[in-house]
Amino acid sequence: MVPKKIAVLGGGNGGHTMAADFTVKGHTVNFYEMPKFKDKMKKVFETQTIEMTGLFEKPGPVKLNMVTDDIEKAIEGCRYIILVTPAFAHGDYAQLLKGKVKKDQIIVVFPGAFAALQLRKVFGEKDCPVIADVNNLPYDTRLKGEGRVEFYGRNDVNIGFMPASAGPALIDEMREDLFPFVKVYNDVLESGLSIVNPAWHTGPCLLSVTSIEHHLFNFFVYEHGWTPSACKLNIVLDQERKAVGKELGYSLTPMEDFSGMPVGFNWKQLYAAGHGAISLTPICGPNSIWDRYLTEDCPFGLVPWAEIAKILGVAMPTTNSCIDIYNIIHEKDWRKAGLTAEELGIAGMNKEQLIKYVREGIRD
């Protein structure tokens, strides 16, 4: 591996972990957080250091090259710009990065959730760099205080490129520099349809919403919410998104890839994969219906799945019913406020135009 200069954008659980992980690997890492969130990580700004605890291979303090709230300083001269935020922040970062990113830089989004399409729509196609969407965070991890990360384990991750034609020339370098990506998806549509969380969190969150809202109950999604009925709902959501993938020629296995379950898994196997996972069961929350497990997975997962399904003429009755319930409990129309076909830059396309766009970057 040749050490690279990398910008990690986003000061949450994944961003802290990734900044430390890449530094330990030998890269020069600039860690960025927006000015409005700077006060939440004063210690990291002051010390330029992240403390890694738990099952991290090299626990202890990790000194970063830079911690900044200046986006131009953060990304200057970086080979990779790594965006590690909830999906609802992708639009803000697209506007922040517009006009500042060089065409020879590579943007990688963890998890992608169709971010490549969203960013490309904002940047414009003429000078847009290659953007890669990854299907999941590569870690199970939580912040346990300012600059202190509790590390539970690693996840296998897969990647898709926009345009897909750029992937073959980059993937070997990126596997060496970043992560040993298991799969390279056909395109970012396959990557977005392979996001684990919308079909992983929705069952236990929607069916446990009263416990999530209870002010005297500390909710643990994998301990309390991961029930047989929740798993049965998750399986149907997974089957519906697989039907969308099949229409595009994909054989989607996101739940299987994440958990190690066999193709055709049943609810008992799914229950064991969540409730019995040592890296998942200790995770606390959500304890609010406004947690990202709900406000991210519906508008930036279920909604774009349903939007793509509509273009393809594929029915998603249970997915749409879950969106309806989310709309009720949040008193919000996520079909308008979420990631629509218009925001993805694919409104008005048919199946053939959609595939050509994501594979070649060419808009008819």
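## Tour of aromatic pairs and helix packing

The model is predicted: local features need pLDDT of at least 70, side-chain atom pairs count only at pLDDT 80 or more, and totals for chains, interfaces and linings use all residues. Residues are numbered from 1 along each chain as its sequence is written, and side-chain values use heavy atoms, with hydrogens and water left out.

**Stop 1: aromatic rings**

Rings of Phe, Tyr and Trp (its six-membered ring) pair if their centres lie within 6.5 Å; planes under 30 degrees apart are stacked, over 60 edge-to-face, the rest tilted. The count comes to eleven aromatic pairs. Keep Phe-56 and Phe-151 selected: their centres are 5.3 Å apart and their planes at 75°, so the pair is edge-to-face. Phe-56 is in the loop between strand E3 (49–54) and strand E4 (60–63), while Phe-151 is in strand E10 (residues 148–154), 95 residues apart. Strands (E, at least two residues) and helices (H or I, at least four) are DSSP runs, numbered from the N terminus.

Now select Phe-217 and Phe-219. Their centres lie 6.4 Å apart with planes at 50°, so this pair is tilted. Phe-217 counts as partly exposed, at 32% relative accessibility. Phe-219, at 1%, counts as buried.

**Stop 2: charges over rings**

Select Lys-332 and Trp-334. The charged end of Lys-332 sits over the Trp-334 ring, 5.5 Å from its centre (NZ of Lys or CZ of Arg within 6 Å of the ring centre and within 35 degrees of the ring normal). Then take Arg-363: its charged end sits over the ring of Tyr-357, 4.5 Å from the centre.

**Stop 3: helix H11**

Show H11 (residues 228–247) with H16 (residues 317–330). Their axes come within 8 Å and cross at roughly 120°. Axes are lines fitted to C-alpha atoms, for helices over the stretch in contact; angles run from 0 to 180 degrees between N-to-C directions. H11 and H16 are therefore oblique to each other (under 35 degrees is roughly parallel, over 145 roughly antiparallel, 65 to 115 roughly perpendicular, the rest oblique). Leu-233, Val-236, Leu-237 and Glu-240 of H11 contact Pro-317, Thr-318, Thr-319 and Cys-322 of H16 (heavy atoms within 4.5 Å).

H11 and H13 pack at about 110°, axes 9 Å apart. They are therefore roughly perpendicular to each other.

Conventions. Buried < 20%, exposed > 50% of the residue type's maximum accessible area, 1.4 Å probe, protein only.
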